[in-house]
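Me: I have a protein model open and would like to learn how to read its fold. Could you take me through it, please?

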Amino acid sequence: MINFQEQDGEFRKWCEQYSNGFYLTQKSHSKFVLHKADCHHAGSLSIGSSPTKHAKYCSLDREELVRWGSSEGREIVKICGSCLNPREPSLTFALQLRPNPVRE
Ligand SMILES: [Zn+2]
């Protein structure tokens, strides 16, 4: 797993190089959103915006990210619906790992 913070160029390069990889966006201290590396959210960040203003945690191993993002007080609060299927059983499982599941 590799971490990018305030490193937009490096992050975009990683996503291009490992388009079959995945990343977590850190929304707050303990909350994360899961994306696939080729998600338009990673590249849509037009000039002037900064994708790594929110730290990114990247890996080719989705399970590694899911496990990491669901452990030690962290929680995956959202699976991106643009690049992943949030209804995929292994992903709904990740959401259920939340200590206090919130029904939406
Ligand atoms: Zn996405």
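Reply: Gladly; we will go from the elements to the sheet and then to the core. This is a predicted model, where local features need pLDDT of at least 70, side-chain atom pairs count only at pLDDT 80 or more, and totals for chains, interfaces and linings use all residues. Residues are numbered from 1 along each chain as its sequence is written.

Me: How many helices and strands are there in the protein?

Reply: Both are DSSP runs numbered from the N terminus: helices are H or I with at least four residues, strands E with at least two. Here there are 4 helices and 5 strands, in the order β-α-β-β-α-β-α-β-α from the N terminus.

Me: In what order do the strands lie in the sheet?

Reply: Two strands pair if DSSP finds at least two bridges between them. This open sheet has mixed pairing and the order β1-β4-β2-β3-β5. Because β1 (2-4) and β5 (75-79) each have a single partner strand, one side of each lacks a neighbour in the sheet. The pairing of β3 with β5 is parallel, over 4 bridges, and Lys31 has Glu75 of β5 as its bridge partner.

Me: Which residues have the most contacts inside the largest nonpolar core?

Reply: In soluble globular proteins, nonpolar side chains tend to be buried together. A nonpolar core joins buried Ala, Val, Leu, Ile, Met, Phe, Trp, Tyr and Cys residues through C-beta atoms within 7 Å; buried means 20 or more other C-beta atoms within 10 Å of a residue's own, with C-beta atoms placed from the backbone. The largest core has 17 residues, and Tyr23, Leu24, Leu34, Ala37 and Leu65 have the most contacts inside it. β2 gives the most to this core, with 3 residues.

Conventions. A residue is buried if 20 or more other C-beta atoms lie within 10 Å of its own, exposed if 12 or fewer, and partly exposed in between; C-beta atoms are placed from the backbone.
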